[in-house]
Amino acid sequence: MQAHGDRAAAPHVSIILPVYNAELWLDECLESVLQQDFEGSMELSVFNDASKDKSMTIIEKWKVKLENSGVLVVIGGHDSPSPRGVGYSKNQAIAQSSGSYLCFLDSDDVMMPQRVRLQLEAAAQHPTSIVGCQVRRDPPNSTERYTRWINQLAPDQLLTQVFTSNGPTVIMPTWFCSRAWFSHVGPFDEGGQGEPEDLLFFYSHLRKGGGVIRVDQSLLLYRYHPNAATHSVLETTIWTHRVRFLEERVLPHWATFTIWNAGRQGRRLYRSLTAGMRRKVVAFCDVDENKIRKGFYCHEDSQERPKPRVPILHFRAARPPFVICVKLVSVSRGWAPLMTAWLEQGPSCGIKTSDTWPGIQALGLGHLSGAVVSGRGW
């Protein structure tokens, strides 16, 4: 990192670092800021969210080292009895910073030396996109399926699979974007603990026509540990936001649709829909002969009279468009060959599909990264 002599000029890149009780990881995190090979002007904007440990002592120590190496350090924070949350801290760190580009960093993660340089190159070419990157997980085997999903989504899937996971298709600790675009979309939701501020921002970003880009190099060591903020967000909260976004972005374009999977996940989706969207569900489809033999699913909790009964069909008798609710483990245990055969051949209406099935109007909504099929038309 080269020292830059003109401190009056606004830095080109601001690294946004919210901090809350991060003393265990801050030395490694801040060392990784110092080791960036980016030769332009850079600042670190730290916001301390009422930490009660030695985080501020560590930050003040690193402020001297970083500024001696040409990295301007801006420190803000508060010492209220309770933290205000990640969304609030990020907004404050952004507000006190001045760079043309924002590089988001979590205090328990470590950047590779080329991160800022490579993501800035991508962001400059895609000014209305969120730019992410591949990651290396620590511990290595902590979330194997999720890490594969983060790193292996194809470029088009960064948009088509926005409904298939418990978070954005490029994870928040890897985000990099222009300040102008952030200001157009933001700020982050400040609901505090338990609110997925990254997912809500990501949805707003997509609503405004933003793109999603990933630098296909591992530029971040992404830690998994019991105290991570992500563990405070309930799965049911994520599910509710996902279903509402599905109802907003996809289902209005479909007169009717089929839910692929008459099991727990499929029925959960049906029950989670608003009444108007439930009326669009013409059938479930499945491979389970017992479910098919029963012939229907009755929504017992409905206030309607008579209670809605939705047919359960063999998958070969079903018609698109589909919302596919299949866990990855279910796909690996036998759904995948049947889905592949059906989708490649097409039903009797003659739909043709390629190896990646883009022509079938289908949308995945599996648990975690559970859906292998995504579609167009949304």
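This is a predicted model: local features need pLDDT of at least 70, side-chain atom pairs count only at pLDDT 80 or more; totals for chains, interfaces and linings use all residues.

Colleague: How many helices and strands does the protein have?

Modeller: Helices (H or I, at least four residues) and strands (E, at least two) are DSSP runs, numbered from the N terminus. Counted in this way, the protein has 13 helices and 14 strands.

Colleague: Is S89 buried or exposed?

Modeller: S89 sits in helix α3, which covers residues 86-95. Buried means under 20% relative accessible area, exposed over 50%, and partly exposed in between, using a 1.4 Å probe and protein chains only. Because its relative accessibility is 1%, S89 counts as buried.

Colleague: With which side chain does the side chain of S89 make a polar contact?

Modeller: Leaving aside residues up to four places away in sequence, S89 touches P18, F47 and D49, where contact means heavy atoms within 4.5 Å. A polar contact is a pair of N or O atoms within 3.5 Å; within protein, one must be able to donate a hydrogen and the other to accept it, and residues adjacent in sequence count only if both atoms are side-chain atoms. At 3.3 Å, the partner of the S89 side chain is the side chain of D49.

Colleague: How are α8 and α9 oriented to each other?

Modeller: Helix α8 (residues 197-207) and helix α9 (residues 235-249) pack with their axes 11 Å apart, at an angle of about 10°. Axes are lines fitted to C-alpha atoms, for helices over the stretch in contact, and angles run from 0 to 180 degrees between N-to-C directions. Angles under 35 degrees count as roughly parallel, over 145 as roughly antiparallel, 65 to 115 as roughly perpendicular and the rest as oblique. The two helices α8 and α9 are therefore roughly parallel.

Colleague: Which residue does a cis peptide bond join to D138?

Modeller: Most peptide bonds are trans. In the loop between β6 (129-138) and α5 (144-152) lies P139. With omega about 0°, the cis bond joins D138 to P139.

Colleague: What is the phi of A50?

Modeller: Most residues other than glycine have a negative phi. A50, in the loop between β2 (42-49) and α2 (55-68), has a positive phi although it is a residue other than glycine, with a value near 60°.

Definitions and conventions
Residues are numbered from 1 along each chain as its sequence is written. Side-chain values use heavy atoms; hydrogens and water are left out.
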